[in-house]
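Here is a short tour of charged side-chain pairs and one hairpin, written for someone who likes to know the cut-offs. Have the structure open as you read along.

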Amino acid sequence: MLSETLSKELKRYRIGPRVRALRLRKKLGLVQLGEHTGLSPAMLSKIERGQVFPTLPTLLRVAMVFGVGLEHFFIEEGEGPLMEVVRKGQRLRLPDRPESEAPAYFFESLDYPVADRMMESFLAEFPPDSSTSRPHAHGSAELVFVIGGRLAITIGEGEQVVLEPEDALYFDSGVPHSYRCAGSETARALVVTVE
């Protein structure tokens, strides 16, 4: 149990409202966020309402879903860096569904330290033996550039596009879409999303 002094200091950072603002900006429900973080919707609701303060590992799980660094929850608006270098060894590789034994893809945020960015970029890998990812929708636009392998992307009601190396696809990411490897080698792609 936290002391009154610690609780008062933690409330000053408004972590819960910041989590809620990120979730609403991405148009995610508590259940959807729970699927991405491995946390229950009830726990996420308590965090958002300030009834529970998340541990740093829990907060990092939430931060990674939204592509922000931990500092997003602790710095004042406008204090973030104007530029940020993310070295290859600094990136975290995460599965699309933490609970799955065979994820549809793995992703690494390429810009997570930058607070309140206007776009998000990821390096994504789609193993050849994985299943199709769950259909999802977010933001307003997405650009996929295939680095290697073949990648199938289904948009809307079954319209599928297969991309080869160095092919690019721009689409309305507000429409449900899913991905899968379309060949015998791992597909790798740069994915950029815009809110």
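The report below goes through the salt bridges, then one arginine, then a hairpin.

This is a predicted model, in which local features need pLDDT of at least 70 and side-chain atom pairs count only at pLDDT 80 or more, while totals for chains, interfaces and linings use all residues. Residues are numbered from 1 along each chain as its sequence is written, and side-chain values use heavy atoms, with hydrogens and water left out.

**Salt bridges**

Side chains of opposite charge can pair when their charged atoms come close. A salt bridge here is a side-chain nitrogen of Lys or Arg within 4 Å of a carboxyl oxygen of Asp or Glu. The whole structure holds nine salt bridges, including these:

| Pair | Closest N to O distance |
|---|---|
| E48 and R23 | 2.6 Å |

Helices (H or I, at least four residues) and strands (E, at least two) are DSSP runs, numbered from the N terminus. E48 forms its salt bridge with R23; E48 sits in helix α4 (residues 41–48) and R23 in helix α2 (residues 15–25), 25 residues apart. Buried means under 20% relative accessible area, exposed over 50%, and partly exposed in between (1.4 Å probe, protein chains only). E48 is buried at 8%, and R23 is buried at 7%. R20 joins R23 and E48 in a network of salt bridges.

E108 belongs to strand β2 (residues 106–109), and R91 to the loop between α5 (56–66) and β1 (94–95). E108 is buried, with 14% relative accessibility.

**Around R93**

R93 is in the loop between α5 and β1 and is partly exposed at 42% relative accessibility. Which residues does R93 contact, leaving aside neighbours within four places in sequence? They are F106, F107, E108 and E125, where contact means heavy atoms within 4.5 Å. The C-alpha atoms of R93 and F107 are 5.6 Å apart.

Strands pair if DSSP finds at least two bridges between them. Strands β5 (residues 151–155) and β6 (residues 159–163) run antiparallel, joined by five bridges. I155 stands opposite E159 in β6. Three residues lie between the strands, and G156 takes a positive phi near 65 degrees in this hairpin.
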